[in-house]
Amino acid sequence: MRRWPRPGDTALVVLLLLPLAVALPRLGGLAGPPELWLTWVGRVTGILGLALMLLAGAVSCRVPGLDRPFGGLARLWRLHHGLGFAAFILVMLHALALGLAAVPASLDAAVATLFPPLSHGAVWLGWLAWAALVVFLAPTFDFFGQPHYQRWKRLHLVSAAALLLGLWHALLLAGEAWPWWLLGLAGLGAIAWRKGVAPRRRHAYRIEAVEPLARGVVELVLRPEGSGIRHEAGQFVYLSPLDESLANGRGEEHPYTIASAPSDGRLRIGIKDLGDASHALQTVAPESRVLIEGPHGEFFGRRFPERDMLWLGGGIGITPFVGGARDLATGAGPGGHVHLFYLAHDESRAYYGQDLEAIAERHAGFTFTTHFYRDLGPLTETFLREHCPDFTEREIYLCGPPAMNAHLQRLLAGQGVPASRIHSEVFDFL
Ligand SMILES: Cc1cc2nc3c(=O)[nH]c(=O)nc-3n(C[C@H](O)[C@H](O)[C@H](O)COP(=O)(O)OP(=O)(O)OC[C@H]3O[C@@H](n4cnc5c(N)ncnc54)[C@H](O)[C@@H]3O)c2cc1C
């Protein structure tokens, strides 16, 4: 599968360079004394930094289907983080370079360039945008530890302020304003969509059953109140429970993979107790309502590839494969053969084991093998080859805890499997 560049990446690069291309003729040349090229660097980093900020906002819009040209929502989220981080660095360089450019004149001139009288509103708008960016990004700095997800999401409103102030700063200073209107519309429009439109487009479901699978793991069976969503195997949704009696997480949206086949009239979602909200969901009231947004993602691409596949699922990361196997069981499967390895600590943690075994018994194109860490330690190349001799020739899909993922990526790379044939999903967007 092609990883880079995806069509969406190309569109992003074009949009990123647009304001710079339009402004370039006015920026002068690089040749000359240091203050000239420092001014040039300061302006270019400012233009690129703000364009990156607005594009980071634009890609966060979460319109179902828009993630596809980028290779799925998980990859789009990584892009969003990368763009935001790069924007922060460039905005810092922008101020630094413009300040340094004035140093040869005098130190006072440098200070006055960065901190002019208040009447120079454009500069102060830039500083306010920078301050909003710092407040927003500070919780992600390592020494503060892992940010609390819901708090971090609420802080995103500060990032909207940063975009607005930055845009205003640029509109006051730019020669040609239209590229900024275009990017501003994309960035701020995306936020307006997320906060205003998307919540109204969610689908209402009722919880038909809460089926315990193991200690701390349940499967919710959801019945649509209206037409419901249409999905493909391996996709996920954002689920917001409305049950009044929930101790935590009521109304919060959390991503969960759909573990039912696309043709199933019910949505099935396996939920592991990993924190406050997922703990409360273990005892959510049957017949209470949930709101579903999505589907998102493209773990298996648009459809299963027409070649043999190796699926490696561990812990709750088994859910995309459960959805995939249930899809195969309806006869909607791929052209090739599928071999699923279920990596669990021990038999009691292989909570979907019986379902998967039953599918393997009925379906010749699907083989199922369990691997228990407690008995065998980490999965080895020998174990894989013993059960699936041609595993290195297959299209490979991984989903599981980060340590398992890293171990499997190393193992497969060590066997010469090209990265382009390995597809993995992480259950964490932070
Ligand atoms: C694409 C995807 C698919 C997932 N599929 C499943 C699934 O099928 N079954 C399952 O049990 N879990 C799944 N998860 C994980 C699930 O979203 C988290 O366990 C849940 O959000 C934890 O929330 P909490 O309040 O219980 O725990 P917290 O203590 O808030 O968080 C526990 C962990 O989950 C992450 N997390 C919390 N909230 C979110 C959020 N809104 N978005 C992304 N990450 C978050 C945190 O970074 C932390 O690492 C999936 C996650 C992603 C990104």
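Student: Which residues form the nonpolar patch on the surface?
Tutor: The patch consists of F85, I89, L93, L96, L100, V103 and L107, and together they have about 650 Å² of accessible area. This is a predicted model, in which local features need pLDDT of at least 70, side-chain atom pairs count only at pLDDT 80 or more, and totals for chains, interfaces and linings use all residues. Residues are numbered from 1 along each chain as its sequence is written, and side-chain values use heavy atoms, with hydrogens and water left out.

Student: What counts as a patch?
Tutor: Patches take residues with over 30% relative accessible area and no salt bridge, joining like charges within 9 Å and nonpolar side chains (Val, Leu, Ile, Met, Phe, Trp, Tyr) within 5 Å. A salt bridge is a side-chain nitrogen of Lys or Arg within 4 Å of a carboxyl oxygen of Asp or Glu. Areas come from the Shrake-Rupley method with a 1.4 Å probe, and for residues only the protein chains shown count as cover.

Student: Where does the largest share of the patch come from?
Tutor: Helix α3 (residues 73-101) supplies five residues, the largest share. Helices (H or I, at least four residues) and strands (E, at least two) are DSSP runs, numbered from the N terminus.

Student: New topic. What is the strand order in the open sheet?
Tutor: Its six strands run β4-β3-β6-β1-β2-β5, with antiparallel pairing. At the edges are β4 (254-257) and β5 (267-272), each pairing on one side only. Two strands count as paired if DSSP finds at least two bridges between them.

Student: How many bridges are there between β3 and β6?
Tutor: Five, in the antiparallel sense, between β3 (residues 236-241) and β6 (residues 289-296). F236 stands opposite H296 in β6.

Student: Salt bridges next. How many are there?
Tutor: The count comes to 21. One of them joins E293 and R62, with the closest N and O atoms 2.6 Å apart. E293 is in strand β6 and R62 in the loop between α2 (34-58) and α3, so this pair ties together parts 231 residues apart in sequence.

Student: Are E293 and R62 buried or exposed?
Tutor: Both E293 and R62 are buried. E219 and R326, whose side chains meet in a salt bridge at 3.2 Å, N to O, are buried as well. E219 lies in strand β2 (residues 217-224) and R326 in helix α10 (residues 319-329), so the pair ties together parts 107 residues apart in sequence.

Student: Which residues are in the salt bridge network?
Tutor: E211, E219, D264, R268, R326 and D355 are linked in it.

Student: How far apart are E381 and R385 in helix α13?
Tutor: They are four residues apart in α13 (residues 381-387), so about one helical turn separates them. E381 and R385 form a salt bridge, their closest N and O atoms being 2.8 Å apart. E381 is partly exposed at 26% relative accessible area, and R385 is partly exposed at 33%.

Student: Last one: what about the whole chain, how many helices and strands?
Tutor: The protein chain has 14 helices and eleven strands. Of its 430 residues, 49% are buried.

Note on methods. Buried < 20%, exposed > 50% of the residue type's maximum accessible area, 1.4 Å probe, protein only.
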